[in-house]
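Thanks for coming, everyone. I'll keep this brisk: core first, then charges, then the surface. Please have a look at the model.

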Amino acid sequence: MLPTLAAQNDVVYISKRFRYGKGVEVGDMVSFVHPCVPGAAALKRVVGMPGDFVMRDVHTQGNDTMLQVPEGHCWILGDNLTESRDSRTYGPIPLGLIKGKVVAKRNFLFLFERLRNNLQRPTPAE
């Protein structure tokens, strides 16, 4: 999740209040059970919720395939798009795999920082 989280020494605080995707919104960073690696967990950012349309490959030029996120699933991406293995690799993940939402981090200097979702909801066109 570079650049949001360092590759080493950052500690994240996860709120389990958002388990199973309850209250999770586009822009939130979530912890989830990895769909391809049994017993492993991962952190990624939610970019699509059920019913949303998302770009299949956001960093590939000329490939503008749009997908609709199925009910009960979300579309996740890593912040480092060129190196991340995410929904572009294994598809939408079931909301039931979400273990919680990342709400804060602490770095190697023990500096505490709340992580906020800074995305704005689009305003409807008139």
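This is a predicted model. Start with the largest nonpolar core, which has 13 residues. Six of them touch the most other members: Phe32, Val46, Cys74, Ile76, Ile93 and Ile98. Where do at least two residues of this core come from in each case? From strands S2, S3 and S6. S3 covers residues 41-48. As a general point, nonpolar side chains in soluble globular proteins tend to be buried together.

Take Ile76 from that list. What does Ile76 contact, once neighbours within four places in sequence are set aside? The contacts are Phe32, Lys44, Arg45, Val46, Val47, Asp86, Ser87, Tyr90 and Ile93. Asp86 is the one I want to follow next.

Asp86 sits in the loop between S6 and H1. Buried or exposed? Buried, and the relative accessible area is 0%. That is under the 20% cut-off, so the label holds. The Asp86 side chain has polar partners. It makes a polar contact with the side chain of Ser84, at 2.9 Å. It makes another with the side chain of Arg88, at 2.8 Å. The Arg88 pair also counts as a salt bridge, again 2.8 Å from N to O. Arg88 is buried too, with a relative accessible area of 9%. Beyond four places in sequence, Asp86 is in contact with Lys44, Ile76, Leu77, Gly78 and Gly91.

Gly78 is in that list, and Gly78 lies in the loop between strand S6 (73-77) and helix H1 (87-90). Gly78 is buried, at 4% relative accessible area. Now look across to Ala42. Gly78 and Ala42 are 36 residues apart in sequence. In space, their C-alpha atoms are 9.9 Å apart.

Back to the charges. How many salt bridges does the model have? The count is 4.

One joins Lys105 and Asp10, with the closest N and O atoms 3.9 Å apart. Lys105 lies in strand S8, residues 98-106, and Asp10 lies in the segment before strand S1 (11-15), so the pair ties together parts 95 residues apart in sequence. The cut-off here is 4 Å, so 3.9 Å qualifies. Lys105 counts as buried, at 13% relative accessibility.

The other joins the side chains of Lys101 and Asp28, at 3.7 Å from N to O. Lys101 is in strand S8, while Asp28 is in the loop between S1 and strand S2 (29-33), so this pair ties together parts 73 residues apart in sequence. Lys101 is buried, with a relative accessible area of 17%. Asp28 is buried as well, at 4%.

Last stop, the surface. Which residues form a nonpolar patch there? Val11, Tyr13 and Phe112 do. Together they have about 260 Å² of accessible area. Phe112 is in strand S9, residues 112-114. Phe112 has a relative accessible area of 52%, which is over the 50% cut-off, so Phe112 counts as exposed.

To recap. Asp86 is buried at 0%, and its side chain meets Arg88 in a salt bridge. Lys105 and Asp10 tie together parts that are 95 residues apart in sequence. Val11, Tyr13 and Phe112 form a nonpolar patch on the surface. Happy to take questions.

Note on methods. Residues are numbered from 1 along each chain as its sequence is written. This is a predicted model: local features need pLDDT of at least 70, side-chain atom pairs count only at pLDDT 80 or more; totals for chains, interfaces and linings use all residues. Side-chain values use heavy atoms; hydrogens and water are left out. Helices (H or I, at least four residues) and strands (E, at least two) are DSSP runs, numbered from the N terminus. Buried means under 20% relative accessible area, exposed over 50%, partly exposed in between (1.4 Å probe, protein chains only). A polar contact is a pair of N or O atoms within 3.5 Å; within protein, one must be able to donate a hydrogen and the other to accept it, and residues adjacent in sequence count only if both atoms are side-chain atoms. Contact means heavy atoms within 4.5 Å. A nonpolar core is a set of buried Ala, Val, Leu, Ile, Met, Phe, Trp, Tyr and Cys residues joined through side-chain atoms within 4.5 Å. Patches are made of residues with over 30% relative accessible area and no salt bridge: like charges are joined within 9 Å, nonpolar side chains (Val, Leu, Ile, Met, Phe, Trp, Tyr) within 5 Å. Accessible areas come from the Shrake-Rupley method with a 1.4 Å probe; for residues, only the protein chains shown count as cover.
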